[in-house]
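Me: I would like to go through some helix packing in this model. Could you take my questions one at a time?

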Amino acid sequence: MQSTDNDASPTDPLQALPMAASTARLPKRQSVPEGHPLSQSEVSLPYRRSNPSVAPLFASTLTPPGSRSGSPMGRGSPARPLSGSVFGGPAGRSLIENASDSPGDPRNLIMKAYVPHVAIYASPDTEELAKDKGFKNGVWELLRPFGEQIQGKVTIRDSNGASRSWEDYSVRFVKFGDNIEPPHAGGAKGAQPAVANGQSGSAPGSRSNYEDVETVVDRHLSYAEESFLNTPHHGLTRQGLDVEATSPYYSLYLRRLLSGIPVSPHETFAHPVACVIAISSRSPSPIEDLRKLYNDTSSGENRLPVWVDGDYLRYYVLVHDEERDDITRSLALFDQMKRHLGLHCHLLRLRSTQSAETDDDSIPLPRSDWMSAAEEMTDIRQSEDQEGFEDPTRYIFESDATAIRTFVREMVTQSIIPTMERHVSLWNDQVASRRRGITGRFMNLSRKWGGFGSSSRNSVVGGSSSSSAYDTLGFYRPDASEAIMRKLADFAFMLRDWKLAHSTYDLLRSDFSDAKAWKYHAAANEMAAASLLIMPQSLPSKSRAETIDQMLEAAFYSYHTRCSFPFGALRSLTLGIELLRLRGGSSVDDAVRWGIRLLDSKILGPVGDALMKERLAVCYASKPGVGSGAWGHRKRKSAMWCILAGEAWHTQEKYIQSQRCLNEAGRIYSELPHENGISKFNLANEFVGGLQHDLDEKLDVDDEDDQSPSQDVEELVVDEESEALDLRSRRASMMGRGAVPAASLETAPLHEVTSPAKEKVDGSTQDEFG
């Protein structure tokens, strides 16, 4: 479905161009044992301690924005505190109701992941101007951070005509024609066999993407522990997990999992909503440059694949060099562009010289939070391989930052958002609404069973039989009704019209299932579940069992078994787990159930496995009890998952994280009415005691540090006594008999606190966590 104003030939004159429609001192880093999954990618990091230039590479986990430091380093990023001065407003505001103010909150991360993608395609002289300013990747690198925080409020109209303003809307600037994922035959009729670990036999691209995610988080963890090598020990290993604030390592894991979405046929989130065609005032023939750039995006060798709709907005930008070129000439050229190309043009005035930190009007440009895992690994490897690695922080003149902020806001609010709203209204009226009524359902059944009515339906969208088109090509063409509806649903999701998005995804589920387009089917179920969980409405347990569980099961099974695409299976369940947890109540138990399903699938690597166990502990800890006795809480289960996470971190030689997990388990057990914790469960007690003893050896805990935990325990005892009123309604069978509070798992290894005579009276004990 091509727009009439985009049909002009790019070889015509300028008038024919389209109008724009944890924390301890490590004595020595242990070598990774042979056979470890990350053994080939992990290297020792002795150079990092002596080279502070690499600190910005790990700033996202040193101090997570919007929360207290969850890193052993405990110091902030040199760029983040100043990010507000670059973007013109405070960062980290909530995106939807009841969302946390922290940008590391999973719900905010989900909203930031699925945003409109804007391709950047610039002329060679424009790229050279950006490189002169110190941005080796050109205009894309210069603009990318500004898309992650749009200045001011962005007002969006939903399908019912109601307007709502969002204070931290964002877009994603990408390179034109980059990160394209071709359709795989395994996603159609013939499924590839999945093997036991869920990794082998899958698409090589998806497997390498997840390996990069695992390696990035592992490097951040290693850097945090290495940074503590010679730091004085101040008892910080007695800290537990921060249940209220998201772990910076889990936020990084989730962000890298959701970043770098490829341009693929089965989902259109990464398909460009607009393309910025940029020329500069340095060009001797700017009109010819415009023709060439448009020709490349439309019909040249660099054009996007046939399954990407070419009817996207073209936004023309003239970059003026304030220091070398004549502004009068640039203004005359810009007026000519506006007359012939419409209002979707902008004159961007920048200084061509490179800004330095010592300049009076220079401000640091933060690194992108949404770079792909592969890109971040490239930077980390360069910091390890290059002796003279420089600080990657780039600086920009304040006047340039103001000009770019104005340009991005004007493009988003006056061009991109209105264009997306018009497309949503058009597609909803002409395609989707015909499927929602009785007539549409009848036509769908007739097409499915006999082919009757297919010609009438295809005449609406101007395409051939969509089912046969998929059977022969392995993907839907952009003019097929299924492809249009998928783009409609994705546009509605990016515009935060959850109701329209969910209803459209729900219609597509059956269509893709009938066509046996399993990758399309999995993606539709994944986003149908996500949009339904985000919608502000109550979901009874019966409704969740009939809808959410079925959608997540269908997405996981199709991704993992039918398509051998473990990356998609991991992403779908991770989104479901986080959104179910945020709903609270009985949904927390459903989130844990899906988390256990993900652990059992063996898709996760070692880092993801430990992080997921930590997350399940947080899920159970977030479920409050009912009444004064807190009936129905899941604190013991939360403590159990903390212990399992501690074991997983210990296996990977991440001793600080392991110690924090055990500390959290000890804190939870000490707050339980039964004050003995697990001291009477022999096997569990011996297991945790042995793990703690080994951690004490690895972390080199001295006698002075061993004295402070007892003081903390004594303070805990006072706190527990002050809350004695919570124990009044407790049943007699739940009363804990006299136990020494020091048996909690706060820090030091568990010791048996009962006398041998008392053990004989108590009899046998249970060999489990309880």
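Me: At what angle do helix 21 and helix 22 pack?
Reply: In this predicted model, helix 21 (residues 587-600) and helix 22 (residues 606-621) pack at about 165 degrees, with their axes 9 Å apart. Helix 21 is therefore roughly antiparallel to helix 22, a label for angles over 145 degrees. Axes are lines fitted to C-alpha atoms over the stretch in contact, and angles run from 0 to 180 degrees between N-to-C directions. Helices are DSSP runs (H or I, at least four residues) numbered from the N terminus.

Me: Which residues of helix 21 and helix 22 make the contact?
Reply: Helix 21 contributes Val588, Asp589, Ala591, Val592, Gly595, Ile596, Leu598 and Leu599, and helix 22 contributes Asp609, Met612, Lys613, Leu616, Cys619 and Tyr620; contact means heavy atoms within 4.5 Å. These divide into 10 nonpolar, 1 polar and 3 charged residues. Ala, Val, Leu, Ile, Met, Phe, Trp, Tyr, Cys and Pro count as nonpolar, Asp, Glu, Lys and Arg as charged, and the others, Gly among them, as polar.

Me: What are the conventions of the model?
Reply: Residues are numbered from 1 along each chain as its sequence is written. Local features need pLDDT of at least 70, side-chain atom pairs count only at pLDDT 80 or more, totals for chains, interfaces and linings use all residues, and side-chain values use heavy atoms, with hydrogens and water left out.

Me: Now helix 6 and helix 12: what is their angle?
Reply: Helix 6 (residues 139-147) packs against helix 12 (residues 398-436) at about 65 degrees, with the axes 10 Å apart. That makes the two roughly perpendicular, the term for 65 to 115 degrees.

Me: Which residues meet there?
Reply: Leu142, Leu143 and Phe146 of helix 6 meet Ala401, Ile404, Arg405, Phe407 and Val408 of helix 12. By class, this contact has 7 nonpolar, no polar and 1 charged residues.

Me: And how many degrees is the crossing of helix 9 and helix 10?
Reply: The axes of helix 9 (residues 286-298) and helix 10 (residues 327-341) cross at roughly 40 degrees and come within 12 Å. Pro286, Ile287 and Leu290 in helix 9 meet Arg329, Leu333, Gln336, Met337 and Leu341 in helix 10. This contact comprises 6 nonpolar, 1 polar and 1 charged residues.

Me: Changing topic, which helix gives the largest share of the lining of the largest cavity?
Reply: Helix 16 (residues 481-494) does, with 5 residues. By class, the lining has 11 nonpolar, 2 polar and 4 charged residues.

Definitions and conventions. Parallel < 35°, antiparallel > 145°, perpendicular 65-115°, else oblique.
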